[in-house]
Amino acid sequence: MRSEPASGGANNAASGIAVCLAPAEFVDSDHPEIIARAAEATRGAATLADKLRALYLTVRDGVRYDPYVDFSSPEIFRASSVLRAERGYCVGKASAFAALARAAGIPARVCFADVRNHLATENLTRTMGTDLFAWHGYAECFTGTRWVKASPTFNRTLCDKLGVAPLDFDGSSDAVMQAFDNNDARFMEYVRDHGAYFDVPVKFLQAEMKRQYPHLAEQGRLRGSMEDEAAQDAAARASRAAQR
């Protein structure tokens, strides 16, 4: 097989980075609301890292994590729709973060991995029927020298109810997922990497959700609030502890 010229690899890499600045169907960084939100969030940010951290917090805490979404609707994956709804699950939040980054002039892409012991309430665990969450979504952003990973999935108020410190991101180091809870018990593990994508592969993800988690996907409508469930679980744990 013929080898590429030495400059070809560098050119291809540069092209790949440039592509990750372009708007996509679901990472719709050209949407007026995305552009306005990115400008608002990064106003006054002095460095690229400052911009990334501001955008990350916009999604982490400005969009409540809730897996009880309608997986048959493409809007749960579309960045502008997720930001407008102020709620979404991991993939929608990763899409929103990537879109904001692109709107701010920072190359970004969506990534996927299977994770074990994902943060969950008792009801969600029963509904899923497993502790393996397939195709968990997060994002990667290019800092000028490297791609950094960031997962803006779990908002601060939800983390407080679940007894877990919120995942911080400094804009320059990987921030993928909490590995320990507040009692230093290990619970989060990445078990399989599915790579990075220019846009969210919506039809594939919809099929995978239906295949792997039919009880979650078949409902097709909101069935509750993750934060309400987390608060109820915490109250139940406290009540059991008081009775001992």
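Two strands count as paired when DSSP finds at least two bridges between them. Keep that in mind for strand S3 and strand S6. S6 covers residues 189–197, and seven bridges join S3 to S6. The two strands run antiparallel.

Good morning, everyone. A word on the source before we go on. This is a predicted model.

Now the overall picture. The protein chain has ten helices and six strands. The chain holds 244 residues, and buried ones make up 45% of them. Next, the contacts between residues at least 6 apart in sequence. Of these, 69% join residues at least 24 apart.

Let's go to the sheet. What is the order of its strands? Reading across, we have S5-S4-S3-S6. That is an open sheet of four strands, and the pairing is antiparallel. S5, residues 147–150, and S6 are the edge strands. Each of those two pairs on one side only. From one strand to the next, the twist averages 30°.

Take S3 now. This strand spans residues 108–116. Is S3 mostly covered or mostly uncovered? Mostly covered: seven of its nine residues are buried. On one side, S3 pairs with S4, residues 132–142, over eight bridges. That pairing is antiparallel. Seven bridges, as I said, join S3 to S6.

Cys111 stands opposite Ala196 in S6. A general point while we are here: in a regular strand, side chains alternate between the two faces of the sheet.

On to S4 and S5. How many bridges join S4 to S5? Four, and the strands run antiparallel. Phe142 stands opposite Trp147 in S5. S4 and S5 form a hairpin, with four residues between the strands. In that hairpin, Gly144 takes a positive phi near 110°.

Helix H8, residues 202–212, lies across S3 and S4. H8 runs at about 155° to S4.

Now two backbone angles to check on screen. Neither residue is a glycine. Trp135 has a positive phi of about 55° although it is not a glycine. Trp135 lies in strand S4. Is Trp135 buried or exposed? Its relative accessibility is 11%, so Trp135 counts as buried. The cut-off for buried is under 20%.

The other one is Glu86. Its phi is positive too, at about 60°, and Glu86 is not a glycine. Where is it? Glu86 sits in the loop between helix H4, residues 79–85, and strand S2, residues 87–88. With a relative accessibility of 45%, Glu86 counts as partly exposed.

Start with H3, residues 48–62. The axes of H2 and H3 come within 9 Å. They cross at roughly 120°. H2 and H3 are therefore oblique to each other. The crossing of the two helices is right-handed. Which residues make the contact? From H2 we have Arg37, Ala38, Ala41 and Thr42. From H3 we have Lys51, Ala54, Leu55 and Thr58. By class, that contact of H2 with H3 has four nonpolar, two polar and two charged residues.

Then H5, residues 90–103. Here the axes of H2 and H5 come within 8 Å, crossing at roughly 75°. H2 and H5 are therefore roughly perpendicular to each other. H2 contributes Ile34, Ile35, Arg37 and Ala38. H5 contributes Ala99, Leu100 and Ala103. By class, the contact of H2 with H5 has six nonpolar residues, no polar ones and one charged one.

Look at Arg37 and Ala38 again. Both are in the H2 contact with H3, and both are in the H2 contact with H5.

To recap, then. The open sheet reads S5-S4-S3-S6. S3 is mostly covered, and H8 lies across S3 and S4. H2 is oblique to H3 and roughly perpendicular to H5. Trp135 and its positive phi are in S4. Over to you for questions.

Conventions: Residues are numbered from 1 along each chain as its sequence is written. This is a predicted model: local features need pLDDT of at least 70, side-chain atom pairs count only at pLDDT 80 or more; totals for chains, interfaces and linings use all residues. Side-chain values use heavy atoms; hydrogens and water are left out. Axes are lines fitted to C-alpha atoms, for helices over the stretch in contact, and angles run from 0 to 180 degrees between N-to-C directions. Angles under 35 degrees count as roughly parallel, over 145 as roughly antiparallel, 65 to 115 as roughly perpendicular and the rest as oblique. A crossing is left-handed if the near helix is turned anticlockwise from the far one by less than a right angle, and right-handed if clockwise. Contact means heavy atoms within 4.5 Å. Ala, Val, Leu, Ile, Met, Phe, Trp, Tyr, Cys and Pro count as nonpolar, Asp, Glu, Lys and Arg as charged, and the others, Gly among them, as polar. Buried means under 20% relative accessible area, exposed over 50%, partly exposed in between (1.4 Å probe, protein chains only).
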